[in-house]
Amino acid sequence: MSLVRFPSLSSLLPTAIGRSARGLFQNRFRRWLNRRVPASRRILLTRMNIFIFPSRAGFAFVGLLLLLWLVATNYENNLVMALALLLTGLFVVSILHTFSNLSGASVTAIRAQPAFVGEDVQISLLIEHSGRREYENLLFNYAGKPPVILNLPAEGSANLKLYFKSERRGWVNPGRLLVQTWYPLGLLRAWTWLDLDITCLVYPKPLRAGPIPAALGTGDEGEVSDAMAGGEDFRGLRAYQPGDSMRRIAWKSFARERGLYTREYAASIDRRIWIDWDYLAGMDRESRLSRLCFWVLQSEQGTDNYGLRLPGIEIPAARGAVHRDALLKQLAVFELEHYETRLPDSAQ
Amino acid sequence: MKLVYQIPRNSLAWLLGAYVLVIAPHVGRLPIWITLAGVVALGWRIQVHRGLWSFPPRWVRYLLAGICGAGLIVGYGRLLGLEPMVALLIIGFTLKLLEMYQRRDAILVIYLAYFVVATQLIFDQGIASTAYVFGAAMVVTTALMGLNQSSGHLRPWRSLKLGGGLLLQALPIMLLLFILMPRIGALWSVPSQQQAGKTGVSDTMTPGNFSKLTRSGELAFRVAFDGEIPPQESLYWRGLVLSRFDGRTWSQAQPFDYARDGTVVQWPGSAPVKWESLVERRGDGVSYEVIMEASHQPWLYALATPRASNRDIGFTRDFRLVKRLPIDSRYKYTVTSWLEHAAEPQTLPEWRYRNETRLPGDSNPRTRAMAERWAAEESSSRALVARVLNFYNRTFTYTLKPPVLGRHTADEFLFDSQRGFCEHFANSFVVFMRAAGIPARVVVGYQGGEISPLQNYVLVHQFDAHAWAEVWLEGSGWQRVDPTAAVAPERIERGFQSVFSEQSGFLADSLFSLVRYSNVGFVNWFRLQLDYMDYAWYRYVLGYDNQLQVDLLTRLLGKLDAMRMVVFFLGCSGVILLAICWFSMWRYVAKRDDGVAASYAKFCKRLAAAGLERKAGEVPAAFAARASEQRPDLRAAIDHITQSFCVAAYAGDIAPELQQQQARELKTAVSGFRPGRGVIYKR
C-alpha cells in the first residue's frame, strides 16, 4: 500500500511514463527510508530521522527578504538592510527551533484496536519527552487521515489515538506515521515518517446475510435449555405462579403441606449455533468470510452459544467477547497467504 | 457547510495590534482618508471576529479597491513616487484585512506588515524611529508565531515572549551579517521622498530671506576634522556663489555665462576641464568629513578651496562642490580644503569681467553715484574695500529685525535704514563694488558652528546661515570679504548663537529646541550628549559603508583575504548558533544523572567488590533482599540505601524537597557504606 503521498517531479510527466517513474522513485525512496528510519516499537526523534525543509511560506519569506534587500540596496539604507538581515537571522533561528520541536520526543506504539475492513483502525501511541521544554503544535497522522494536533508540556507525555483506514483483512501494517511540525514561525517544516513496527488485526467486512440455518445437534452434546411444553424429563419444582397448568401442580408436596409447587419438565435440545463455511457454498471466499463475520456478530448479540467451522478449523461453541474475538481472528487470517497474492494492486 | 478556517484568536489579536503599530508612524504622511479607511477596516475585522458582522461581499471589496486607487491617483497625481507607492502598499495592506479568511491570507498580511514597517525607515532613520520599527517587527513576529500555535492557545503574553525571544536570538546573526554584507550600491535609481520641504539656504538671495533661517535650531551638518579645528573666523562654509543680479534678487550664474570655458562641473572620471588650472592650492590641505542632513538640494558645503574624492561629487566652475542628485537623506562626504589658495589670480578675460561687474541699468542710482565717486578718489581696489568696510563699521547696526526695503535695496540700506542682517550687508557691498568696477559676487552658506566638546566635531545649525562677498583683486584673485564682520566682529569670532541668544527673533520657531536653552548648563550638556549619540548613530550605523567595512574588518582580522573572511564568518556564526542552541534547547534537556543513579551505582559496585554482584534486570528491592540474606550484617545499611534510592529516583507523588532530602541521605549513606569482605552465607 502507498505509505506516503510524496510529491515528486515525476508527477509532472505524462501519465504513463509518469506513473512508472513515480512508482520507481517511490520504491527506491521507501527502501532508502527503511534503512534510514528502521521499524521499531519505540522511536526517539533525533537528527537521524528528522527531515527539515522550508515550507511554501518559508520560500515566500525568502522572497520578502530579497525584496527588503533590494529596497535597502537601492535606497542605500542601512536600517532597512538591518531589518532584512534581522529577518534572515529569524529564518536561521527558526531552523533550530523547528527542528528541536520534534527532536527529543519519543513515539511508542502501545496497541492497535482490531477493526473491520473499511472501518478506522485505532492505534494508541504514547508521546513523551523528558526535557524541560514545551513542544507545540505537533501533527500526527497516517496517510489519508486528518492530523491530530498535540501540545506537550515540559517533561510531559501524552496518549494519542490515531486512526487509519484498512481496505483489506488480516494482519495489516498501518504504513508510516507522519509526524510534522511548522512551529514556531511556519517558515520550515520538520517531519519524519515512522514505522512503529505494529500490525493491526483487521476483520472481514461484515455483510448482511440471512438467518443462520438451524442445526439441531445430537442429544449428548446438547445443553439443557429452557422448559418446553413437550418435555419429558422431570427437572424439578418451582413455586407456583398463577396461570400454571393445573396438571403440573405437584399435588403430592401440596398434600404434605409444603406449599404449592409446579412440576417442571425439560427437553434436551441442542441450541448451539454452528457458523459453518459450508452453508455458503457457491460464493467466493471473501464473500463467505464477510457473511460468516456478520453471523458471528449477530450470534454474539443473541443468547445461544456459537461455534465456527471453517475448512480444517473447528472452534467449539461458547459465548462472550473473548470467544467472539477469537472467531473473528480466525476469519481475519483465514487463508491469508492466498489472499495476499490474489489481491489486486488497486486494492492497495 | 464547509469547515471555515479560523485564524487563531491569539494570532489575530497580535495581527491587529501589529497593524496599528505598523500604520501609526505613517499616519502623518498619509492623506487623512487612508487613515480613516484603516480605522474602518480594523473595526470591521474586529466585528467579524466577534461574529457580529460578516466579511464584506466581493463587490464591496472591489468597489473599495477602486475608490482607493482613484483616491490615490487624484490625491497624489502620480503613482511613481515614494509616498504614493507607500500609500498604495498601505491601502493593499488595509484592504487585505477585510479579505483575510485563510491561513495563507494571514501570512500575506504579516509579510506585508514587515514590508510596510520597513518603509518607515526610508522616511525616518533616527534612533527612536529605528527602535520603534524593531519593536513593531517583534509584534509582527509574534503574530506570525501565533499563527503556528494551536488554535486553543490562550496565553498571548507567552507568544510575545517567545516571539521577542526569537528576534533576540536573531540579533547576533544580524550583527554578523550587517558587518560582513557587501554593500553594492544602488542597482537602479528609485523614487525618493518628494513632499519634504527644502530646508537650509536657497539658491537665490533677496534681502530679508535669511532672517527666516535664524528662527530654526535645526542641524544643517556636522563636520569632523582630521586634525585641529581651524579658528572660528575662518570657518566659512561655501554653499553657493551668486553672480547674477536682477536689481533685487541674487541668483547663480547660468551655465551659458561660462560658455567659453566649456562644461561648468568637473565630475570625477570625466575629461579634465581647462579651468581646473585657474585655482592654485597652496600648502597642506585640511581634511574633514561632513555629514549633511537632508536638504533636498544638490549643493554641498565646504571651506574654500575644496576637493572631494567621492564619485558622486563634482567640482564647479565657481570652485564649490555639488552632488549629482539632491541630498534626500543624510549624506556623508570627505573633503580636503586648501585654506591658502588663489582663485583666478590671472587677469580676468573681458567676458568674465563683464559678467562679474554687471548691474541692471536702472537700479540703485545713489549707490552707483557714490561708488563712482569713491573709486575715483581711491588709488587701489584694496583701499576702496577698506574704506567701504570702515563706512559700515561707523554707522551701521547688525540686527535680526531689519526694516523692510523697497525697490533699490542697496540704496535704501546704505543711505536710509542702515540696519540689517548679513544679506543686507553682502548685497549692498557687492552692488557697491560692481558699481565701482570691481568684480564681486555674493556667496551664501554657513559661518562658524558650535564645537562639540565630546568629540572633535563642529555642529552647524540653520541659524548659522550666512551671506558674504567675494571680490576679485588684481594679482590675488577672488578674496573673501565679509562686511558683516566689519559691523559685528563678535558674530564671526564667537558665533551667531553667542550674539543673538537674547534677541527675540532667534529660534522663534523652535520653542522646545534644546539649543534655545543652551545657556542652562546641564541642558546644554544633555543636548550635546544627545547630538553625539545621533552623530555616532549616523557615522557608524547609517553611514556604515564599504570604506568603514574595510577599515573595521582590517582592524579585526589584521589583513583582508578570502580565507580569513571565511574563517571569521564560519567561526562567528558557529559560536552564535551554538549559543542559541544552548540557551534555548540544550539547557532544557533533562539532566539524566542528578547524582542519585550515580550513588546507587557506587553502592552496587561496592557490593560487587564484596562478592555480591547485582544481576542484570534485578530490581533494587530484589537485589536488596538477596544481598541482605547473604550478608545479614549489612541488612540495615542495605535496606536504608535501597529505600532512599527508590524514593529519590522513583517516587513521583511526594514533594520534591522530600525527594531531594532522600537523595542527600542516599549520598551520605553510600559514601559511608563499606561492606568489606565479610562472610557470605550461601543459600
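This is a predicted model: local features need pLDDT of at least 70, side-chain atom pairs count only at pLDDT 80 or more; totals for chains, interfaces and linings use all residues.
Two residues are in contact here if their C-beta atoms, placed from the backbone, lie within 7 Å. By that criterion, residues 24 or more positions apart account for 68% of the contacts in chain A with a separation of 6 or more.

**Chain A**
- Chain A holds seven helices and 18 strands, and of its 348 residues, 30% count as buried.

**Where chain A touches chain B**
- On one side of this contact stand 45 residues of chain A, and on the other 46 residues of chain B.
- The elements of chain A that give two or more residues to its side are α2 (56-74), α3 (78-100), β6 (135-141) and β7 (148-152), and the largest share, 18 residues, comes from α3(A).
- Sorted by class, the side of chain A that touches chain B is made up of 25 nonpolar, 15 polar and five charged residues.

**A helix pair in chain B**
- Helix α5 (residues 103-123) of chain B packs with helix α6 (residues 127-147) of chain B at an angle of about 175 degrees, their axes being 9 Å apart; angles over 145 degrees count as roughly antiparallel, so α5(B) is roughly antiparallel to α6(B).
- The residues that α5(B) brings to this contact include Ile107(B), Ile110(B), Ala113(B), Tyr114(B) and Val117(B), while those from α6(B) include Val133(B), Ala137(B), Val140(B) and Leu144(B).
- By class, the contact between α5(B) and α6(B) has 14 nonpolar, three polar and one charged residues.

**The nonpolar cores**
- The largest nonpolar core has 206 residues, of which Val80(A), Leu83(A), Ile110(B), Ala113(B) and Val140(B) touch the most other members.
- Helix α5(B) gives the most to this core, with 13 residues.
- Leaving aside residues up to four places away in sequence, Val140(B) touches Ala18(B), Ile110(B), Ala113(B), Tyr114(B) and Val117(B).
- A second, separate core of 14 residues has Val596(B), Phe603(B), Leu612(B) and Phe645(B) among its members.
- In soluble globular proteins, nonpolar side chains tend to be buried together.

**A hairpin in chain B**
- Strand β18 (residues 465-473) of chain B pairs with strand β19 (residues 477-481) of chain B in the antiparallel sense over five bridges, and the bridge partner of Ala469(B) in β19(B) is Val481(B).
- Three residues lie between the strands of the hairpin of β18(B) and β19(B), where Gly475(B) takes a positive phi near 95 degrees.

Terms used. Residues are numbered from 1 along each chain as its sequence is written. Chains are lettered from A and ligands numbered from 1 in the order in which they are written. Axes are lines fitted to C-alpha atoms, for helices over the stretch in contact, and angles run from 0 to 180 degrees between N-to-C directions. Helices (H or I, at least four residues) and strands (E, at least two) are DSSP runs, numbered from the N terminus. Angles under 35 degrees count as roughly parallel, over 145 as roughly antiparallel, 65 to 115 as roughly perpendicular and the rest as oblique. Ala, Val, Leu, Ile, Met, Phe, Trp, Tyr, Cys and Pro count as nonpolar, Asp, Glu, Lys and Arg as charged, and the others, Gly among them, as polar. A residue is buried if 20 or more other C-beta atoms lie within 10 Å of its own, exposed if 12 or fewer, and partly exposed in between; C-beta atoms are placed from the backbone. Two strands pair if DSSP finds at least two bridges between them. A nonpolar core is a set of buried Ala, Val, Leu, Ile, Met, Phe, Trp, Tyr and Cys residues joined through C-beta atoms within 7 Å.
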